[in-house]
Amino acid sequence: MAPTSQDFPAPLSPGRLACVVGAGEGGERLDRFLSRIAAARGLALSRTRLKALIEAGQAMIDGAAARDPAAKVAEGAAIALVVPPPAETAVAGEDLPLKIVYEDGDLLIVDKPAGLVVHPAPGHAAGTLVNALIRHCGDSLSGVGGVKRPGIVHRLDKDTSGLLVVAKNDPAHHGLAALFADHGRAGSLRREYRALVWGAPDRPAGTIAAAIGRHPFNREKMAVVAEQRGRAAVTHWRLEERLGPASLVACRLETGRTHQIRVHMAHIGHPLLGDSVYGAGFKTKAGRLSDEARAALAALGRQALHAAILAFDHPITGEPLAFESPLPDDFSRLVKVLRRERGSGGT
């Protein structure tokens, strides 16, 4: 339904949204109404921040604070929302090396190395991608979340390498967030990974559609669970090459759940090489590798997963963008060893 609300009164400042609930808009939840109207007026707000603003009393219905995001708005009601300017981030910028493969005024594409954490968190308060981006971007930062920080719209696990896009301002953040929420079903987003998995799939390609949620016994892990206990997850995979005891596969995401590829490939009996969390039951297979292959796997020291392809239409200009990252040296070395041994008749 297109917004039909009338201005009431004119906004008092860039941080205030005011309108009257238009015809046919009554009965909508306050948070959804405000999200829709804010987007139509070009005011960048994440759902999380909007909910926090409402609960903090920054939204008003007919002059009275409305702290319930689920409150229903009535036709003709005067709605106002005060949006404080984004706060300065408490995260310190750090001069860390960044491999930037593309950058303009709205976004940048980083080729993340394995071992780099994306967000500061307990145990990783510094030395993260966000620390590096804050230093690199300076004042050009997104405030969608209420704090001036780089717009991280998707993540890669610490030990997963490859391509990651970052928004530098609010409009780009919103545009990219919409693309990633759609995951290429109707939009332009394409994300493809390369993974080394144990064993050989019995067909050239397939789709894994299985809900993912917290593991019922180990809360630090994810697992395939019943639909009512998890979130829908879809991974499309394609066999690239058989490499003796392992296979190189390409995985394309239709959803973006935590550890999705690692969980899904383990679920069909082909966990990733080097994955100590989801491939622990395959340690005996590593023991049957040649000394050279075992040494290459040990040198990898992580799950064999790389975000190789990232393509989408620019959220501001509409220009098609496409990037491809070659396998990093440690990953490529293991593939070459397995390929050489397969060619020589090794196991």
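What follows is a list of things to select, with a note on what is there.

**Before you click**

This is a predicted model, so to speak of a local feature takes pLDDT of at least 70 and side-chain atom pairs count only at pLDDT 80 or more, while totals for chains, interfaces and linings use all residues. Residues are numbered from 1 along each chain as its sequence is written, and side-chain values use heavy atoms, with hydrogens and water left out.

**Stop 1: the whole chain**

Start in cartoon view. The protein chain has 8 helices and 17 strands; helices (H or I, at least four residues) and strands (E, at least two) are DSSP runs, numbered from the N terminus. Of its 347 residues, 47% are buried. Buried means under 20% relative accessible area, exposed means over 50%, and partly exposed is in between (1.4 Å probe, protein chains only). Among contacts (heavy atoms within 4.5 Å) with a separation of 6 or more, 66% join residues 24 or more positions apart.

**Stop 2: the largest nonpolar core**

Select Tyr193, Ile261 and Met265 and show their side chains. In the largest nonpolar core, which has 29 residues, these three touch the most other members. A nonpolar core here is a set of buried Ala, Val, Leu, Ile, Met, Phe, Trp, Tyr and Cys residues joined through side-chain atoms within 4.5 Å. To see where the core comes from, colour the elements that give two or more residues to it: β7 (107-112), α3 (129-137), β9 (161-167), β10 (190-198), β14 (234-243), β15 (246-253), α5 (260-267) and β16 (305-313). Which element gives the most to this core? That is α3, with 5 residues.

Now zoom in on Met265. Leaving aside residues up to four places away in sequence, Met265 touches Val197, Ile208, Trp237, Val249, Cys251, His270, Pro271 and Leu272. There is also a second, separate core of 20 residues, with Cys19, Val21, Ala59 and Ala77 among them.

**Stop 3: along α5**

Stay with the helix that carries Ile261 and Met265. Is α5 mostly covered or mostly open? Mostly covered: 6 of its 8 residues are buried, namely Gln260, Ile261, Arg262, Val263, His264 and Met265. In the loop between β15 and α5 sits His259, a residue other than glycine with a positive phi near 60 degrees. Just after α5, Gly269 takes a positive phi of about 90 degrees.

**Stop 4: a pocket and a cavity**

The pocket is lined by 14 residues, and Glu220, His259, Arg262, Val277 and Gln303 lie nearest its centre. By class, the lining has 2 nonpolar, 6 polar and 6 charged residues. (Ala, Val, Leu, Ile, Met, Phe, Trp, Tyr, Cys and Pro count as nonpolar, Asp, Glu, Lys and Arg as charged, and the others, Gly among them, as polar.)

On a 1 Å grid over the protein atoms alone, a pocket is an open set of points with protein on both sides within 12 Å along at least five of seven lines, a cavity is a set where a 1.4 Å probe fits but cannot get out, and lining residues have an atom within 4 Å of a point. Grid points are joined across faces, edges and corners, and a volume is the space filled by probe spheres set on the points.

Next, select His154, Leu156, Leu163, Arg191, Tyr193, Ala307, Ile309 and Leu310, which line the largest cavity. Its volume is about 40 Å³. The largest share of this lining, 3 residues, comes from β16, and the lining divides into 6 nonpolar, 1 polar and 1 charged.

**Stop 5: an aromatic pair**

Select Tyr102 and Phe323. They form a tilted aromatic pair, 5.5 Å centre to centre with 50 degrees between the planes. Rings of Phe, Tyr and Trp (its six-membered ring) pair if their centres lie within 6.5 Å; planes under 30 degrees apart count as stacked, over 60 as edge-to-face and the rest as tilted. Tyr102 is in strand β6 (residues 100-103) and Phe323 in strand β17 (residues 320-324), so the pair ties together parts 221 residues apart in sequence. Tyr102 counts as partly exposed, at 22% relative accessibility, whereas Phe323 counts as buried, at 14%.

**Stop 6: two loop residues**

Asp62 is in the loop between β3 (59-61) and β4 (64-65), has a positive phi near 50 degrees, and counts as exposed at 55% relative accessibility. Glu25 is in the loop between β2 (16-20) and α1 (30-40), and counts as buried at 0% relative accessibility.
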